[in-house]
Amino acid sequence: MENFQRDGREPHAHHDVLELNLHSSEEEYIGSSEDDEDFIIPAKYVRITTVAEILAHRIQLPISSSSEEVKLDPRLVSEHLYMGSDMEFITQPAASLEEGRVYELLALVQSGIVTFPEHILPLVLFSPSLISALRSVFNDLKVIALIPAKPNSSTADPSLAQYGTTAEVYEYSGSEPGLRLKTRVKQRFKVIATWIDEYENLMARVKILPEKSLSPMQPWLSSKFIHQRTSLIERAVLENSWTNYRNSLDTKVSPLAGWVLQQFDCHSLAARVRLQIKKLMAIDDSSMELVPTEPHSLSFWAANNLLMDDEGRLKLLEEDNIIYRLRTVLELISKRHVFSCCVCSVPIADHTDVILICSQGTSLFFNNPRTAQVRKVMTFRQVQNIRVVSRPSVEFSWFPGYAWSPGECSSCRNHLGWYITSAATKQMKPKNFWVLCSESLQTETIAKSSDVNVKLF
């Protein structure tokens, strides 16, 4: 879903390098569909989904000939169906790499993107040598290394971060154009060394980092408390209710006060994080089911969706202990956020305008299969000071059942994102929403206790 060119030209050579650039937002709006009769995705862009997959993932394909309203399945968005119908699954999944062990992996440099475990990243590659190396990966570990470029690094010669993540390749297609991949981010690592191999591909020696959940309060927890906590956790997860669990953290089972334990108990912190997420983004109860409850998964989910700059994300990526990661997340999401145009600073949206329509969260990665452009975007219910500049198109739509139209700042004409609209028959729910580029926005955090603004981007 981009402003596609239709002149038949092949992708430029600069897309063949290892670096995944977030391109400039100043683009020409080309490629609106001439077919306005129906905005449902053409069959050639929809991956054929088997009955088993639909049952296993409870995926509802939003294609219907009736006039009934169909709610967009948030899990369907993370399928990235726009990547094509010829994608092949890698039947044998990659095994988790051993924590503390050093591995040599094929690496990709990411400019402007910091990934966290359990997120989906779609990729398109054109370099013949890189494609050849990746085909070997399919038959080996099935894992590659994703290394962020440091903020403000030159795209011609980026300075690499010391920490990154592994990504499992689970689906691919080698048909033209290029090699299309769907990868699932798996584990954090520290970069030991990098070098260019004889085929001019970037290689990295990385050490897989552990995930620690030990509380510094652990020596003061009695065996009775630990046994009771385990039972209460199971019930809290089952009922999605943490009141009884939080009330149990008292001096009856520990010499420490309950409020002290709550500051260093990962399950109590996770419950507080979910509560703040619901308040911050005004997410309804049904959408909250998409937000993980398990502390490790929640810490990564929240880290990816936090409104913070890449430097802050990298610091969060370095953190081994889940408790301190959750505490950092909790501190950041307890503030109000507002969005404005990164060029002219005209107001665009408030944090309560953010809408959750994908199981991956409110900050998503998408790709343009023709040009390999990786976009990080946010989804909004409504915005202000943005105007639509072309007719809707369904070509390579990121959202099955929807069309898209480019949107620009009404003040300075800076490209901000896209207006997503339902089919002409009004079948989809929600009927419309906005998808805005993270690099086109600046975000300000407004502290509750004062009117002082802290700029994050």
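In the predicted model, Lys142 lies in the loop that runs between helix H3 (128–138) and strand S6 (143–148). The backbone of Lys142 has a phi near 65°, a positive value in a residue other than glycine. Lys142 counts as buried because its relative accessibility is 9%, which falls under the 20% cut-off for burial.

A positive phi also occurs at Phe396, where the angle is about 55° although the residue is not a glycine. Phe396 is placed in the loop between strand S14 (386–388) and strand S15 (402–409). With a relative accessibility of 10%, Phe396 is therefore classed as buried.

A further backbone feature is found at Pro430, which is joined to Lys429 by a cis peptide bond with omega of about 0°. Pro430 belongs to the loop between strand S17 (428–429) and strand S18 (432–437).

The cysteines were examined next. A disulfide is a covalent bond between the sulfur atoms of two cysteines. The structure holds zero disulfides. For Cys409, which is in no disulfide, the nearest cysteine sulfur is that of Cys344, at 3.6 Å; a pair of cysteine sulfur atoms must lie within 2.5 Å to be counted as a disulfide. Cys409 has a relative accessibility of 0% and so counts as buried. Cys437 is likewise in no disulfide, and the nearest cysteine sulfur, belonging to Cys342, is 9.6 Å away. The relative accessible area of Cys437 is 0%, so this residue is buried.

The packing of two helices was also examined. Helix H9 (residues 295–305) and helix H11 (residues 322–332) have axes that come within 10 Å and cross at roughly 40°. H9 is therefore oblique to H11, since angles under 35 degrees count as roughly parallel and those of 65 to 115 as roughly perpendicular. The crossing of the two helices, H9 and H11, is left-handed. On the side of H9, the contact involves Pro295, His296, Ser299, Phe300 and Ala302. These residues meet Ile322, Arg325, Leu326 and Val329 of H11. By class, the residues of the contact between H9 and H11 comprise six nonpolar, two polar and one charged.

Conventions. Residues numbered from 1 in each chain as written. Predicted model: local features only at pLDDT ≥ 70, side-chain atom pairs only at ≥ 80, totals over all residues. Heavy atoms only, no water. Helix = DSSP H or I, 4+ residues; strand = E, 2+ residues; numbered from the N terminus. Buried < 20%, exposed > 50% of the residue type's maximum accessible area, 1.4 Å probe, protein only. Axes fitted to C-alpha atoms, helices over the stretch in contact; angles between N-to-C directions. Parallel < 35°, antiparallel > 145°, perpendicular 65-115°, else oblique. Left-handed = near helix turned anticlockwise from the far one by under 90°. Contact = heavy atoms within 4.5 Å. Nonpolar A, V, L, I, M, F, W, Y, C, P; charged D, E, K, R; others polar.
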